[in-house]
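Please look through this structure slowly, chain by chain, before reading the notes below. The notes are meant as a short briefing that can be read beside the sequence and the 3D view.

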Amino acid sequence: MALKKTYLQQARHRWLSVKAGPYLAFFWQNPIGKWGVLLLITFGLMALASFFPPLIDPMYHPMTGVDPNISNVTPPAWNHWLGTDYMGRDLFSQLLTGARVAFMVGVSAAFMSIVFGTLVGMTAGYSGKLIDTLLMRAADMIMLLPTLLVVLLLSSFIGQLSIWTIVMLIAVFRWPGVARVIRSQTLSIKEKPFIDAARVAGASHFRILFRHILPNVLPMALLFMTFRVTSAIILEAVLAFLGFGDPGTVSWGMMLQWVWKTGNMFQAPYWLFPPGICISLITLSFYMIGRAMEEILDPRLRKEKIED
Amino acid sequence: MTMKYFFLKRIVEIIVIFFVIMTLFFLLFHFAPGDPVSRMVDPSMTHEDAAYMISQLGLDQPLFTRYGIYIKNFFQGNFGNSFHYGEPVIQIIGDRLPNTILLFTTSIVLSAFAGIFLGRITAWHKGKLIDTLGTILALVCHTLFLPWAALLIIWVFGYQIGWFPLGGILSPELWIQPETGYVAKALDVLYHMVLPLFTLCIIHFGSYMLIMRSSMLEVIGEDYILTARAKGLSNRQICNRHVAPNASLPVVTSVGLSLAFSVNGGALTEIIFSWPGIGRELIFAVTNNDYPLALASFLFISIVVLVSNFIVDIVYTYLDPRIQY
Amino acid sequence: MAEKRACLKVSACVLLIFLSAVMLMSCTGRKNEKNFLKIAVSEEPESFNIWLASDANSRKMLSLIYQPLYIRDPEELDLIPWLASSDPVYFPEDLSYTVSLRQVKWSNGSDLTSSDVVFTINLIKAFQVPRFISKWRFVKKVEAVDKHTVRFYLEEPKAVFLTRSLGVPIVSQKEWEAVAEKAIHSEKPYKTLINHKIEIPLGCGPFVLKEKRQGAYLYFKKNPFFFGENQTIKGHTLGPYIDRLLFKVYRSADVAILALKKGSVDYYWSGIQPGHMKGLTRHKKIDVFVSKKSAFYYMGFNVRKPPFSDPHLRRAMAVLIDKQFIVSLILQGFATQMTSVVPKGNGFWHNPDLPDYGCGLSRAERIKKAYHMLSSKGYTWEDPPVNQNNEIVSPSPIRLPHGRPMEAFTILTPPAGYDPHRAACGTMIQEWFKDLGLPAQSRPMSFGALLNTVKARHEFDTLIFGYGRLSLDPDYLRSFFHSNNDKSRGWNMSGYKNSEFDRLANASLAAMDKFERQKLIWEMQEIILRDLPYLPLYNPALIEAVNNTAFSGWVEMVGGIGNIWSLCCVKHQGVVP
């Protein structure tokens with residue numbers, strides 16, 4: 001028994017160090033990182049599980065499934081684990097779908113803003129001079145706009161609010177911070193001897209940027225992604241809560257908006273608490289992972305303020 | 001000389017950015033769909049009446065004419081009248097802004113103090129249980145979904161326990177009595193501030209605490225702390241005299257920038273606590289096509305943030321002589 | 001060490017201040033005075049300038065200040081004399097109406113005379129005030145016969161003169177004359193007029209604005225010169241019996257309702273969502289009023305373009321929409337199904353026997369019926385929604401009569417934050433349409449953009465829209481469906497054109513006989529329900545709540561208890577807690 005346990009531990013240790021590199025191992029040692037990953041896995045499972053309830057019975061469809069026997073808000077029961085909303089829709093399947101939407105919104109908005117921010121940051125840092133000034137001043141400009149308000153204004157422009165519009169808008173307003181940090185990184189990498197070596201060897205600017213600089217700024221970009229995911233999730237929830245979300249999509253912000261607007265806020269705790277707690281926990285898990293990553297990547301980066 | 005050149009360059013940049021923003025917002029609002037008339041859903045109003053109203057509000061002018069008027073008015077300090085309130089927008093902003101600044105700056109300062117205090121403790125005990133617990137507490141508080149937490153706090157403290165008012169900035173019953181003095185009125189506002197302040201502090205102290213903690217850890221690693229230790233100073237003396245003051249600098253910078261952004265207000269907080277601030281007004285203006293109000297507020301916010309960024313730059317050069325341009 | 005001590009001192013001071021504040025507040029907060037009514041509102045009024053104010057809260061407050069010549073009584077909803085002393089007298093020879101006024105005083109003590117009435121109408125006409133002008137354009141001339149008699153000359157007979165025009169609030173000549181004089185000579189007269197700031201409006205209603213503090217409260221006092229005091233009109237002996245009236249702003253309905261339960265306010269002047277009902281009815285101190293609303297929520301089709309120009313398609317869509325579901329689930333039963341474009345509550349004008357598409361059918365029956373309706377008109381499917389065994393199956397996309405597949409179309413709704421019910425309706429209707437292979441997509445749009453798209457540019461397929469405050473006079477039928485109004489910013493959003501309807505609408509406008517007009521209005525409803533440019537969906541009920549500890553005597557009326565009758569009649573129960 002004891003032997004088997006050691007063996008397993010060894011095997012796990014080997015897997016971690018060989019396959020996923022030392023980072024994951026560090027995560028496991030860092031309590032904050034560990035809990036962050038565990039939480040995230042839970043939400044990942046929830047997101048996956050969200051595909052099942054509608055298959056069991058169409059009444060478990062989070063948006064359009066209505067329990068024919070129910071015409072009001074009902075507390076948890078055997079066939080509705082978290083109860084139902086005012087139309088008789090299952091809250092548990094809404095909560096699961098919310099996890100999927102949160103991942104979708106968070107990851108895609110963050111990914112887009114990271115890609116854009118990294119590209120801009122690298123270009124600005126590498127080319128310097130006029131292009132640098134122009135790009136960075138554009139970044140400054142976007143940073144000083146009140147994001148929520150401008151997103152609202154632009155959404156009235158596009159007219160139709162869909163979850164992807166919201167994702168796009170969030171991405172557009174969240175790249176400048178990334179671009180700044182990546183730029184300063186690029187500036188320091190640019191002075192390193194291996195860049196000069198590459199240049200002497202005749203590498204094109206494009207090649208230097210993508211083969212030599214990009215791999216060095218990538219970890220930082222990934223770290224920023226965790227923060228951007230949380231800010232995207234929160235911004236979507238705020239938009240939804242204020243009533244500017246996509247009512248065709250069940251996100252946690254929409255669930256909170258429904259419970260708030262339909263007046264069940266203080267009547268139905270089983271409806272109010274789960275989405276609120278889930279928003280907190282999923283952002284928490286990304287923060288925790290981000291904090292843990294930060295300590296691995298660059299202890300000097302700690303000055304970056306958490307965005308909200 | 002170089003520093004002077006740098007600041008001059010910054011000032012020019014700021015002016016250019018401001019004009020770009022001004023034009024950008026103008027175009028945004030010009031092309032935004034909807035107009036203030038469309039909100040008047042009265043079936044007896046005919047299309048001629050609506051067109052007349054549009055022309056009276058000057059919304060039927062071509063783009064360049066309107067832009068010219070806009071720039072001219074800006075230099076005359078005239079931002080026009082709100083479509084919905086009919087009052088000059090300057091007056092509306094002037095009415096709402098003090099309330100917002102009162103609530104949000106206080107909350108930033110309070111949460112920065114709380115953050116510095118807790119960050120000091122957790123960093124000093126790095127790796128111990130108190131550190132982990134403190135960090136997790138900060139993160140949990142920071143990730144609370146604001147409207148959700150705010151409504152729960154109102155429900156518990158305002159309704160169930162009933163210690164605090166349910167919202168608003170003052171008690172009308174008290175203010176309408178002519179004999180109420182200034183002290184009582186000030187106390188009344190203070191009393192109404194408790195719950196929103198509490199909510200905002202809970203949510204914001206976390207980020208300051210984390211900055212403080214990181215900064216502390218960095219300072220602890222510096223050589224002069226080792227020197228201090230070698231001198232035989234006690235732990236408390238090292239922490240209070242040498243580490244904490246140096247480590248709070250990044251927090252101060254962060255507070256400075258947050259203070260600038262506090263002119264944005266927070267629409268959610270203001271709606272839920274019925275706080276008559278600028279944040280909700282802006283949402284209203286943007287979603288109801290009240291262009292003059294929205295434009296002027298956006299410009300105002302941009303100026304404040306731009307100028308305070310500039311001030312932070314200057315202050316930094318004085319605080320840290322190592323910075324060079 | 002010294003630092004720490006100072007820190008302690010400061011925190012002790014702060015704590016002390018807070019504690020004393022709490023004690024002070026709890027003393028003053030509890031004091032409940034007699035005849036002091038407190039009302040919660042969701043927003044403060046935008047303006048007290050009556051020519052500008054168009055939002056609900058301004059209208060509520062202004063209705064307590066500026067009074068019309070005639071007003072609707074709460075029970076029969078007939079127009080009864082208010083500032084006027086008797087019904088208007090009609091002379092068919094010169095198409096004139098003569099109205100005599102009561103002895104009314106403005107709240108500053110001066111007399112309200114016929115010249116004030118003449119001034120008001122002339123101001124509306126001179127500035128073309130958009131909200132009122134359409135009701136006065138056909139009035140040729142207004143003259144003051146003597147101090148208390150006014151005569152109106154019409155260009156042609158109009159039925160709406162009595163029902164709509166005479167409901168206009170009268171303003172004081174003294175208050176507005178100089179302002180109007182200055183404005184009329186400015187570059188943009190109307191703009192100058194609406195930008196005039198009114199601090200304390202001068203009216204003749206039961207209350208006078210005393211003081212307001214932006215974002216916090218509005219404080220009214222009883223008008224000592226109110227003409228209705230101690231008068232009995234239609235069985236209501238008017239007061240007002242309250243000396244002081246306070247409006248407090250609570251921006252979130254939940255918090256306002258907590259304030260109501262706590263007794264900080266006596267009434268929340270705003271509709272309450274059905275979700276609150278359970279909590280409110282359980283509460284002993286709360287009385288709930290459910291009133292009818294003169295409202296109209298519908299689905300509109302853009303009949304200018306195919307395939308929605310085909311009435312058969314619109315009728316089949318109507319069959320698919322389950323109004324019973326919408327009313328009982330989405331609106332939680334606090335609404336009635338609408339079968340005509342005139343609400344049922346509006347008894348005299350509502351046409352009760354109109355076709356109700358698919359009423360009482362089950363889901364499957366609806367799909368079958370709609371399927372048969374469409375397949376007989378040339379619509380086809382590769383896999384029809386009803387198979388050979390007469391079972392419902394998931395269909396392939398529908399093909400139009402000429403064989404091409406139907407393009408995806410949108411159902412526009414206001415965003416959920418504006419109206420959660422309409423957004424939810426959109427989602428459900430989208431699913432019902434999909435059962436028949438109709439490629440619908442429900443899309444919320446911010447309200448300004450929605451109106452712009454629909455009203456100004458006419459670029460939409462279908463929409464769910466509503467009017468929360470329809471006038472009781474059915475003249476809006478003409479606004480909605482007359483082909484003249486099919487213009488940019490016109491109210492005929494569907495683009496419905498029917499010369500027969502136009503003829504009836506014009507006739508109904510001129511019909512001076514009530515019963516003749518009723519017949520025309522009924523016919524118009526029949527045409528609309530046959531052609532379905534709009535499909536009426538539901539008419540929501542209005543839920544309101546009051547705290548019953550101190551005040552009673554609220555007057556129920558279509559449109560809720562928040563009306564001038566209530567505020568003139570509500571009384572303190574005499575027991576001071």
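What follows is a set of notes on chain contacts, nonpolar cores and one glycine.

The model is a predicted one. Its contact between chain B and chain C takes 56 residues from chain B and 62 residues from chain C, while the contact between chain C and chain A takes 30 residues from chain C and 28 residues from chain A.

**Where chain B meets chain C**

- On the side of chain B that touches chain C, several helices of chain B each supply at least two residues, among them helix H4 (89–124), helix H6 (146–160) and helix H8 (182–220).
- The largest share of that side, seven residues, comes from H2(B), a helix that spans residues 47–56 of chain B.
- Sorted by class, the residues on this side of chain B divide into 31 nonpolar, 18 polar and seven charged.

**Where chain C meets chain A**

- The elements of chain C that each supply at least two residues to the side touching chain A include helix H8 (253–262), helix H11 (323–330) and strand S24 (440–444).
- H13(C) gives the most to this side of chain C, with five residues, and this helix covers residues 420–434.
- By class, the side of chain C that touches chain A has 14 nonpolar, twelve polar and four charged residues.

**Nonpolar cores**

- In soluble globular proteins, nonpolar side chains tend to be buried together.
- The largest nonpolar core here has 328 residues, and those with the most contacts inside it are Ala40(C) and Tyr268(C).
- Helix H11 of chain A, which runs over residues 205–241, provides the largest share of this core, with 18 residues.
- If neighbours within four places in sequence are left aside, Tyr268(C) is in contact with Ala40(C), Ala256(C), Ile257(C), Leu260(C) and Ala545(C).
- A second, separate core of six residues includes Met45(B), Ala50(B), Met53(B) and Leu57(B).

**Gly466(C) and its surroundings**

- Gly466(C) has its place in strand S25 of chain C, which spans residues 462–467.
- Is Gly466(C) buried or exposed? Gly466(C) counts as buried because it has 20 C-beta neighbours inside 10 Å, and the cut-off for a buried residue is 20 or more.
- Not counting residues up to four places away in sequence, Gly466(C) touches Ala295(C), Phe296(C), Tyr297(C), Tyr298(C) and Arg422(C).
- Although Gly466(C) and Pro536(C) are 70 residues apart in sequence, their C-alpha atoms are 9.4 Å apart in space.

Notes: Residues numbered from 1 in each chain as written. Chains lettered and ligands numbered in written order. Predicted model: local features only at pLDDT ≥ 70, side-chain atom pairs only at ≥ 80, totals over all residues. Contact = placed C-beta atoms within 7 Å. Helix = DSSP H or I, 4+ residues; strand = E, 2+ residues; numbered from the N terminus. Nonpolar A, V, L, I, M, F, W, Y, C, P; charged D, E, K, R; others polar. Core = buried A, V, L, I, M, F, W, Y, C linked by C-beta atoms within 7 Å. Buried ≥ 20, exposed ≤ 12 C-beta atoms within 10 Å, placed from the backbone.
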